[in-house]
Amino acid sequence: MALDRQTIMRDDFPSNRRGYDPAAVDAHLDRIADAVDDMRRQAAAPAPLSAQAGEQVKAIVEAAEHGAQEIRDAAHAEAREHVARVTAAADRLRERIEQMERDITQLVVDLRSGAERLRGDLDELQAGTGELAQVRRDAEPPAAEPEPAAAPEPEPEPAPAPAAPAAKNGDSAAARIVALDMALSGTPREDTDQYLAENYDLADRTALLDEVYAAAGG
């Protein structure tokens, strides 16, 4: 390769995003070209000047090597910093994934436990519904027997005193159980209210019905 200014000042170096700064490379090459021009002029001088030029060339080469080493060190430091950032980001991502796995596992456990509790509550409710139905049947008054056919009156007799009306049941607890069973069975509130009015003597039938139908979800 010819050691002249045109060859040294070539400007077709490849560059990329993480490569050396093109301006710094051009300035460095300018300095080398100037030094080579000085060397070529001094080479034409007497022997002592040639020796002096050699020392200058040596100094230039050493300076260039030192500058190149500094550039390599800076590039290595930047690469290490980049790797450290990527590693830290990967560690944080892994921790988030592990936390998500723990949260999902706990959620499955909670859902399974809730489903088991719900099934137990439904079983108890079903059993209680059967008991309520039995209590309701037991609490219902017996059906009135049909009156026998009137016998021919042999002679008029004084009319008997009118029978007193049947006393109503004042047990509010029994009335609540019966009303709850009717509500759970889908009986309309009006029908339940009528049944309670006919068979139980309650202080506040409306409040009892509000409580029962709210508990039954209707």
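What percentage of the 218 residues of the chain count as buried? The share is 12%, where buried means under 20% relative accessible area, exposed means over 50%, and partly exposed lies in between (1.4 Å probe, protein chains only).

The structure is a predicted model, in which local features need pLDDT of at least 70 and side-chain atom pairs count only at pLDDT 80 or more, while totals for chains, interfaces and linings use all residues. Residues are numbered from 1 along each chain as its sequence is written, and side-chain values use heavy atoms, with hydrogens and water left out.

## Overall composition

The chain contains 6 helices and 0 strands; helices (H or I, at least four residues) and strands (E, at least two) are DSSP runs, numbered from the N terminus. Along the sequence the pattern reads α-α-α-α-α-α. The accessible surface of the chain is about 17,100 Å², and carbon and sulfur atoms hold 56% of that area; such areas come from the Shrake-Rupley method with a 1.4 Å probe, and for residues only the protein chains shown count as cover. Among contacts in the chain with a separation of 6 or more, 64% join residues 24 or more positions apart; a contact means heavy atoms within 4.5 Å.

Helix H2 (residues 22-43) has 22 residues and spans 31 Å from its first C-alpha to its last, close to the expected 32 Å at 1.5 Å a residue. The expected span is 1.5 Å times one less than the number of residues. Its buried residues include Leu29, Ala33, Ala35 and Val36.

Helix H4 (residues 172-184) has 13 residues and reaches 18 Å, close to the 18 Å expected. Among its buried residues are Ala174, Val178, Asp181 and Met182. After H4 comes Gly186, which has a positive phi near 90°.

## A buried threonine

Thr192 is found in helix H5 (residues 189-199). This residue counts as buried because its relative accessibility is 0%. Apart from neighbours within four places in sequence, Thr192 is in contact with Ala179, Met182, Thr187, Leu209 and Tyr213.

## Salt bridges

Side chains of opposite charge can pair when their charged atoms come close. A salt bridge is a side-chain nitrogen of Lys or Arg within 4 Å of a carboxyl oxygen of Asp or Glu, and the count comes to 5 salt bridges. The table includes some of them.

| Pair | N to O distance |
|---|---|
| Asp91 and Arg94 | 3.1 Å |
| Arg176 and Glu211 | 3.6 Å |
| Asp193 and Arg205 | 2.3 Å |

Asp193 lies in helix H5 and Arg205 in helix H6, so this pair ties together parts that are 12 residues apart in sequence. Asp193 is partly exposed at 26% relative accessibility, and Arg205 is partly exposed at 29%.

Asp91 and Arg94 are 3 residues apart in helix H3, which means that about one helical turn separates them. Asp91 counts as partly exposed at 30% relative accessibility, as does Arg94 with a relative accessible area of 44%.

Leu122 lies in helix H3 (residues 47-139) and counts as partly exposed, at 46% relative accessibility.
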